[in-house]
Amino acid sequence: MPSVLNPVLKLVEHNLHEVRVQDERLLFHVPSSSLFALDDLTGSMIDALRAEGRSAGQLVTQLGTLFSPAEIEETLRELVALELVSDGSETPHALPKIDAFPISTVVLNVNTGCNLACSYCYKSDLAAPSDGKKMSFETARDAVEMMLREAPDEKRYHVVFFGGEPLTHRKLIGQVVDYCEARFAELGKEHDFVMTTNATLLTDELIAWLDAHDFGLSISIDGPQAIHDKNRRTVGGFGTYVTVRQRAERVLARYRARPVGARVTLTTGVTDVEGIWDHLKNEIGFAEVGFAPVTSGDIDTFNLSPSELRAVFDGFKTLGEYYVSEALAGRNIGFSNLHQLITDLHEGHKKLLPCGAGLKMLAVDHQGKLNLCHRFTGSDLPTFGNVKDGIQRDALGKFLSIRLEREGSGCATCRIRNLCSGGCYHESYSRYGDPSHPVYHYCDLMRDWVDFGIAAYSRIMAHNPGFIDSHISPRRPR
Ligand code: SF4
Ligand code: SF4
């Protein structure tokens, strides 16, 4: 009999997580973020090994009245291969070294200036549009060329316009679009343009132009007027809801390129997730609504308190229940947070790092310096090179490797470690002054939310898999 069947075998608890949906036992395979339905044999083996370690022979004896030795042996092999069962021999700990940066997304901070003065704005370098530091066309062009040099083999490149308010430097956006369209066509590469805007500067001409150039648009709006106007105000202190709504409705009426999403910032006192979604989706007509709860902003007084954050996640679950009931009827309610989680589960995403910042994406400031992402431009965190000289590979590789190393951290055995991966670098930077420190302050809420996502995904898969086929991108080959 093969050697795997002889030693005392144990369950590797931190690699599996069981979720019950109705009467079904589901196994969330932590290393690959994949979900399996447990059959009777696998479930029985897991129960037996959870009770105490035992050899393969003992398992055959214990389960032999119900299953054949060959079935038991085969299932055991699968569990060992999935790292769910171990004979206790240590696998050498090998940390991947990062020395390649396949940057396919470049975020251009086109102007540090903004025409609004939202009270919670985290941007430490924010200024009025006229005082803002504007990016030159040469810097933007060099940023695109830097991306092409760093990652020449990508099929598709993404150019993101960010600010301040990006539309306060409209001229540059036009120049970059002309340049990129010609350059990517010459190389035979695909590209897309993305922009998050406060919408106040959108005119009909501009909307038509963005549509013609296929921009992915996301509009910052926080909900009904009383909520939105609390924080999103003009420099003179006036609420912007009426203007933003009017412009958003014009976009929604004419935009054909892609679905337009609303991006909601949830700060202290704002926890009505369902009410906000209902307003933005059903009254204004956004295709998608995504919520960004602020837990570690630069301005402490805007952070959600622990009880408020719990209320936000409760709201996510209530809205999530509605998402599932509508998905079972074939309709997508555009709740981006759950939709993304279900996409990650369906595609079996294994995230060793929390996001693409520094690895697949870099943000360029007006001086051409390279930042981890848009939230770090203007911060005190040292930059990682510049668009002319390229990436400081040693410094960036070292930074990312610290986050990759989970041994000894609270994330090492966390069941959602390959979905959360320690959380947003900027949240960590704001909270601990160290972007490589994991974000530990709402782990239980995150784990509970992922459990909810697993149950939601499995219910949809069981009762209306066509929704997944139509609304979630196809599963990629592993
Ligand atoms: S930050 Fe918390 S929830 Fe995220 S992986 Fe680490 S321990 Fe898990
Ligand atoms: S570091 Fe945080 S804010 Fe920046 S891209 Fe990653 S998740 Fe987003």
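Visitor: Into which domains is the protein chain divided?
Guide: The model is a predicted one. Its protein chain has two stretches assigned as domains, and these run over residues 10-86 and 105-376. In order, they are domain 1 (10-86) and domain 2 (105-376).

Visitor: How many residues of domain 1 are in contact with domain 2, and how far apart are the C-alpha centres?
Guide: On the domain 2 side, four residues take part in the contact. On the domain 1 side, the number is five residues. The C-alpha centres of the two domains are separated by 43 Å.

Visitor: Is strand E3 largely enclosed or exposed?
Guide: Strand E3 covers residues 24-29. A residue counts as buried under 20% relative accessible area. Five of the six residues of E3 are buried, so the strand is largely enclosed by the rest of the structure.

Visitor: Which residue in E3 is the bridge partner of Glu18?
Guide: Strand E2 (residues 16-21) pairs with E3 in the antiparallel sense, over six bridges. The two strands form a hairpin with two residues between them, and Gln22 in the turn has a positive phi of about 50°. Within this pairing, the partner of Glu18 is Leu27.

Visitor: Which residue in E4 stands opposite His29?
Guide: E3 also pairs with strand E4 (residues 34-37), in the antiparallel sense and over four bridges. This hairpin has four residues between its strands, and Ser33 in the turn has a positive phi of about 50°. Opposite His29 stands Ser34.

Visitor: Which strands are the edge strands of the open sheet of eight strands?
Guide: The order of the sheet is E11-E10-E9-E8-E7-E6-E12-E13, with mixed pairing. An edge strand here pairs on one side only. That applies to strand E11 (288-293) and strand E13 (370-371).

Visitor: What is the bridge partner of Thr105 in E7?
Guide: Strand E6 (residues 105-109) and strand E7 (residues 156-162) run parallel and are joined by five bridges. Thr105 has its bridge partner in E7, and that partner is His158.

Visitor: Which elements give two or more residues to the shell around ligand 1?
Guide: Ligand 1 is surrounded by Gly410, Cys411, Cys414, Ile416, Arg417, Cys420, Gly422, Val439, Cys443 and Arg447. By class, that shell has six nonpolar, two polar and two charged residues. The elements giving two or more of its residues are helix H13 (417-420) and H15.

Visitor: How many nonpolar residues are in the shell around ligand 2?
Guide: The residues surrounding ligand 2 are Cys355, Met361, Cys373, Arg375, Cys424, Tyr425 and His426. One of them is polar and one is charged. The nonpolar class has five.

Visitor: Is Asp214 buried or partly exposed?
Guide: Asp214 lies in the loop between helix H6 (204-212) and strand E9 (216-220). Although not a glycine, Asp214 has a positive phi of about 65°. Its relative accessibility is 41%, so Asp214 counts as partly exposed.

Visitor: Is Ser421 buried or exposed?
Guide: Ser421 is placed in the loop between H13 and helix H14 (425-432). It is a residue other than glycine with a positive phi, near 55°. The relative accessible area of Ser421 is 4%, so Ser421 is buried.

Notes
Residues numbered from 1 in each chain as written. Chains lettered and ligands numbered in written order. Predicted model: local features only at pLDDT ≥ 70, side-chain atom pairs only at ≥ 80, totals over all residues. Heavy atoms only, no water. Near = heavy atom within 4 Å. Nonpolar A, V, L, I, M, F, W, Y, C, P; charged D, E, K, R; others polar. Pairing = 2+ DSSP bridges. Domains from an automatic or database assignment. Contact = heavy atoms within 4.5 Å. Buried < 20%, exposed > 50% of the residue type's maximum accessible area, 1.4 Å probe, protein only.
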